Amino acid sequence: MAIAGPVEALMAVALVGAFVVFLAPDDSAGRIATLVSLVPVAGSLWMYAVFDGSGNGLLGGDLAFESSAAWIALGRYEVAWHVGLDGISLPLLLLTTVLTTLALVSSWTPIDERQSQFYGLVLLMEASLIGVFTALDFFVWLVFWEFVLIPMYFLIGVWGGPRRKYAAIKFFVYTNVATLVMFVGFMALVFGLGDSVSSFDLPAIAQALRTPGELGTFFGIDPGTLRLVAFTLMFAGFAVKVPVFPLHTWLPDAHVEAPTPVSVLLAGVLLKMGTYALLRFNFTMLQETAIANAGVIVAFGVVSVIYGALLALAQQDLKRIVAYSSISSMGYVILGLVAFTPYGFGGATFQMIAHGLISGLLFMVVGVIYNETHTRMVGDISGMADRMPWTVGVFVAAAFGYMGLPLMAGFAGEYLIFQGAFASTVIPAAPLVTGVAMFGIVIVAGYLLWAMQRTLFGEYRLATDYDVSRAPVHDVVPLVVLLALVVALGVQPRLVYDMIQDAVNPLLHGGVLPWW
Amino acid sequence: MAGVYDFVPAVALLPFLAFVVSLFAGEYMPKRGAEAGIIATAGSLALSVWTLLTVAGITGPATSFNENLYTWVAGGEGAVTLNFGILVDPLSALMLVIVSLIAFLVHVFSLGYMNDEGETGLPRYYAGLGLFSASMLAFVFSNNLLMAFMFFELVGLCSYLLIGFWFREAAPPSAAKKAFLVTRFGDYFFLIGVVGVFATFGTGLFAPVEGAETLASFPELAEEALAGSAEEAGVNTFGYDPGTWFTILGLLVLGGVVGKSAQFPLHTWLPDAMEGPTPVSALIHAATMVAAGVYLVARMYGFYALSPTALAVIALIGGFTALFAATMGVVKQELKQVLAYSTISQYGYMMLALGAGGYTAAVFHLTTHAVFKALLFLGAGSVIIAMHHEENMWTMGGLRDRMPVTYYTFLSGSLALAGIVPFAGFWSKDEVLFEALIHGLGSEGAIGTLLLVGYAMGLVAVFFTAFYTFRMVFLTFHGEPRTDTARDPEPVRWNVKGPLTVLGIGAATVGFINMVPVAEVTGREIDYLHKWLAHGDISVTTTEHYGELLHTFAGVDPAELGPVAPGAVSLVLALAGVGAAWKLYNVPDPEEHTDKLGGAKTVLMHNYYLDEFQVWLATGVTVPLARAADKFDQGVVDGVVNGISSVSLFGGSRFRRIQSGVVTNYATLMTLSLVLLLVVFVVAGGVV
Amino acid sequence: MAILSEFYLLLSAAVFSIGLYGILTRSNALVFLMSVELMLNAANINLVAFSFHYGNVTGQVFSLFTMALAAAEVAIGIGIVLVLYRNFEDIDVTKAATMRW
Amino acid sequence: MTTRPRLVTDVNYRNGAAAVALFAVMAWTFVTAQFPAPLGFGEGSITATIGYAMFDLLEQVPDGHGETEGFLVAFLVVAVVLDAALDGAVMLARREEDDSVVTALADGGRRALGAGAADESGSDPGDAGSGAAGPDAGDAGTDGGES
């Protein structure tokens, strides 16, 4: 096992690049940052090509690009630098690098002040996001997990809209408190394990927790209750990030105020941190508890789906619409996770990728329209198809992708989740619950079609005084790339699905669970 | 085995290629992308005909084909594998020919309707047509339910794009939205059904795939489960009785059918969809896309035949829709609106036939209807060109002499639609009603009665159909011209007349493929379609097999009754309808007799207020609900969040006052704290 | 019979509290200084008392050191009071409310 | 102004109560506490012992004259501190002829630097310091709220 490997190299490139960009002149910062970010893209694509991992990284599978080095000792716990990739983290790593580059390109137009700082912060965030999806030591992971907030805070707070400070502080405090809650839950588990573990190594902890009888009492709490308490705390902590009803209210504010490229990353990657962590922690380490409480968890998922969609229906701001619909889409992920079926886990993970790409695409295309019209309110725009035919074409494609049009990535993710959830033996009344959740696809069609009819079609009209012309090429290129990815993953989900399935299958075996 | 079946994917891929070419290169082509579409659909047509001939055993020995070609997602570990595959049997081969033929003719017709009229955005138009043809053809040869669903949805997308083609106006985008949304509502149930079928049977195959190991189809598994125990068949019925559960699944899938085939109560989108260009109406909303729903039921008929409840529901929906839509067609003033309601009504007949066990009759009517309805729409398109895009029939009149080709072909289509012997519609509609009648009489119990109810509604609808059809013909072509445009209509070119002629001949003759009454009377075996569908390599998709299933599981049996008398009854009704129309409207200067209907006319013009009801559901229920949710979210959920933050802010502002900057106060606090601490120590006995 | 340690402690507590009282109630810098002296000496009483109590002279040595440091503190304190007066024309501690002006 | 002592009127008795409370608690604690009898120092001169202790001459202390240890370093350090404190007191108290040291500490040198400009504007440089500080101090006082 190497001490440092390609993962560190990617992080280092982004990190060093960030500081180079900080020092670069504003005019060229965007270009430099984009060029720098191409290195992680190329690197992660290379890793995808030569990926040789198998099984689940936390449950004793073969990790690819693993590296480990002893670091510090906290009491009797060893903290080690430990990173590696399995079939779940590699697609998310790819999503991060690709989406970052595209978001950087799409920033060229809208970001017109303090460019070097903006691009530097985005690269800084990329570095920490890579860390979140690759770290295998809790301590290291937590550092990255928290560090992501810092660039995001500034990106919203400095370059955001009129209420940016409110949104940035709300985002920061909300997610930070969530981390605290989660941290307490996880540490209770670690202490409850007592002498079974002597490090914060996630695989070691996960395997210990899945071994019956390893978890002892902690603070006078018996193991069963301890599991429940820890599960609840961690679920609440991660649910904020996902976000799950009723912990979602930071999201619309953050999205509306954030500049478009930041929204792209926020919806595309940051939300996936929540579901990724849920998968890695709650549903890998505490399966017993998850299964015992499946009814409650699935209720959160289904309510998020329907409630988020209904809220989206009531919005006037295009970005708010997409923001609320993200809540809805991420609800499906919860539904898939709690199903405890191969397609449930696989579909949920695939949906993270699919939703990352599609919501990123939709935010980006809203941003392109905003760049030209300087408004996002549905009532202010009409007949954009007249002036920006190709952009509108992409908008329509993205919207249909969001509605789950077959042969686009969103359908694959949602269908697999439905397939997994329907057959679940864990969810009470699984067919009925799944059926209810699926009604989201009708509502999502309702509000997106309505918004498109109002803004894209009809007679051309604009409430703001701007000349609308075709978008510049560098605005359209990211859209086209994303759309191509969405279609490619929809036509052939196995591009990433096979490795995902391979990585989630071990979740259904062994541990405290009987294999059914 | 290199043969025609290796080329079947190309039937769909060619139009898809045309989509790509038209979209990106259409701008630089002389006909703005039409060339690509015409060539591609011609190729598809040729391949389809070749396929049909091969299935008939004329050009090759292998008369069927069913294989998985592509793995979409492989779940592994006991999860089902989701494949794309191709199923070619008599039914799909026939449907491929119909779809590609109509698509080809519509492409040609579009040259006259769109290019010659100087429309802009044509590459987009032809790209849409190409994508539509591709999706529909792929839907037709799908070999499993998931693939069928996927292309079913893509067909919906194309419908959205094409209805909303004239996006600069207000109405088309709205109609497009409505079409997609209403069908999406149906597809929601369909999707649950698809998921349910996969979860129940572990496969979505329509027919078994022969290979190293034979993969069973889900209708077969359902049959086994009903015959024996569910466990033995490896079927998970989620705790329900297999019969009940299969009925639920069947009805869920039926949701998609009702949406796409515009059956009551999800038919409201189709009349609105007439906002699209007329060739699109012909292709999508008459001949093919709407056929997708009915085709789907036919495709998985082996599953529906197991459930008497599902059959009864199908038959009742069909019969009711046939009558219901026909009554609304009577009062409409726009040419295309009348045709739209007739479409809904005719698909009702097909559903009636399917529900009544008349599988062949449904396919027969599907075939003839595709031909004559495409003809009528293209004829209407020709009239619309001539009338400079004026669609109100009251502004027409007397076009008979000025556009004879259109008139005679349109008349052929109308006679077929009205069901006048010997045009195509007569034979097929007659058989639909005949099947409904004999199965209604022959079946025991509730289903027999329900089928007879369906039959009665269908029979009444015959009169209305004939009436509104000829009201339309007389108002448009007969009498005196009522406006200047009608006196001097714009001439149409070969690219309009050509497709009309082909279809006009078709409308008169397609019925001859299955003249059951004639076969009965003469004793000659000329009911070719019956024979075509009755046999086949894949035994589980033949009518012979369906007959057994209907008998064994659904208790639907035919009574012994000759086809001649019922045929005569429906012919008399049709002639009565034509006669009534003749009397009222075949005059030089017809009046609006519908005014005499009084309040009934208002109700009919408003389509029984169903649109209002659905709009109310959307804007009167859903939107306020969404607003309420938004208020709740902003007020309560976010309010709690902001409340917590304001509590801490408020607390902070209070605690800040302690930080007065006066040392004395700090010292006091320290002192007090010390006192408190000491007291605590004392009380706790010095041990904490 | 030696005096019981309780009474030394009581005395020291009294002296300390008087000093504290002075600090808490007055705002005159000189009174502050004097009160601080009282409190320091209360501590001295304790040192001496416990020195006696345990028979260890270290406490007494320390009380001497404390006195020396108290002297140093007073010296600096009075100097500060002088500066205070010079700048504010007053020696009320609450008047000097900013660190820089 | 401060030429003669006056009776203070702004005594903050509320704060004083805290001190009284502290005394009460401590007194109650001491009174109720049980101490063993003090050991005392036995025979001999305590003063001599202290002297020896201060200069690390512990070997000269006769046995039984109380335990102690060497404090030479501490003694020297305290001596230095006392000296430094005296120097500091002198420095603070010295009234410089040009006021530079004192004002530099007191007003950041504004009075010394701005003397010329202040004359032109006609304002009294003497008020600059207290005038600026006065309202601030007053604000701080009212903010305190406690008094």
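**Nonpolar cores and domain contact in the predicted model**

In this predicted model, Ala374(B) is in contact with Ile102(B), Leu105(B), Ala282(B), Ala286(B), Ala287(B) and Leu503(B), when its neighbours within four places in sequence are left aside. Together with Val338(A), Ala374(B) has the most contacts inside the largest nonpolar core, a set of 474 residues. At least three residues of this core come from each of domain 1 (1-287) and domain 2 (293-516) of chain A. Another core, of 26 residues, lies apart from it and includes Ala13(C), Ala29(C), Phe32(C) and Ala42(C).

The C-alpha centres of domain 1 and domain 2 of chain A are 22 Å apart. To the contact between them, domain 1 of chain A contributes 46 residues and domain 2 of chain A 47 residues. On the side of domain 1 of chain A that touches domain 2 of chain A, α3 (89-106), α10 (250-257) and α11 (260-285) of chain A each supply at least two residues. The most is given by α11(A), with 14 residues. This side of domain 1 of chain A comprises 28 nonpolar, 15 polar and 3 charged residues.

Two further elements were examined for burial. Helix α4 of chain A (residues 115-134) has 20 residues and spans 29 Å from its first C-alpha to its last, close to the expected 28 Å. Of the 20 residues of α4(A), 19 are buried. In chain B, strand β2 (residues 81-88) is likewise mostly covered, with 6 of its 8 residues buried. Strand β1 (residues 65-74) of chain B runs antiparallel to β2(B), and 8 bridges join the two. Within this pairing, Ala74(B) has Thr81(B) of β2(B) as its bridge partner.

Notes:
Residues numbered from 1 in each chain as written. Chains lettered and ligands numbered in written order. Predicted model: local features only at pLDDT ≥ 70, side-chain atom pairs only at ≥ 80, totals over all residues. Core = buried A, V, L, I, M, F, W, Y, C linked by C-beta atoms within 7 Å. Buried ≥ 20, exposed ≤ 12 C-beta atoms within 10 Å, placed from the backbone. Domains from an automatic or database assignment. Contact = placed C-beta atoms within 7 Å. Helix = DSSP H or I, 4+ residues; strand = E, 2+ residues; numbered from the N terminus. Expected span 1.5 Å × (residues − 1). Pairing = 2+ DSSP bridges. Nonpolar A, V, L, I, M, F, W, Y, C, P; charged D, E, K, R; others polar.
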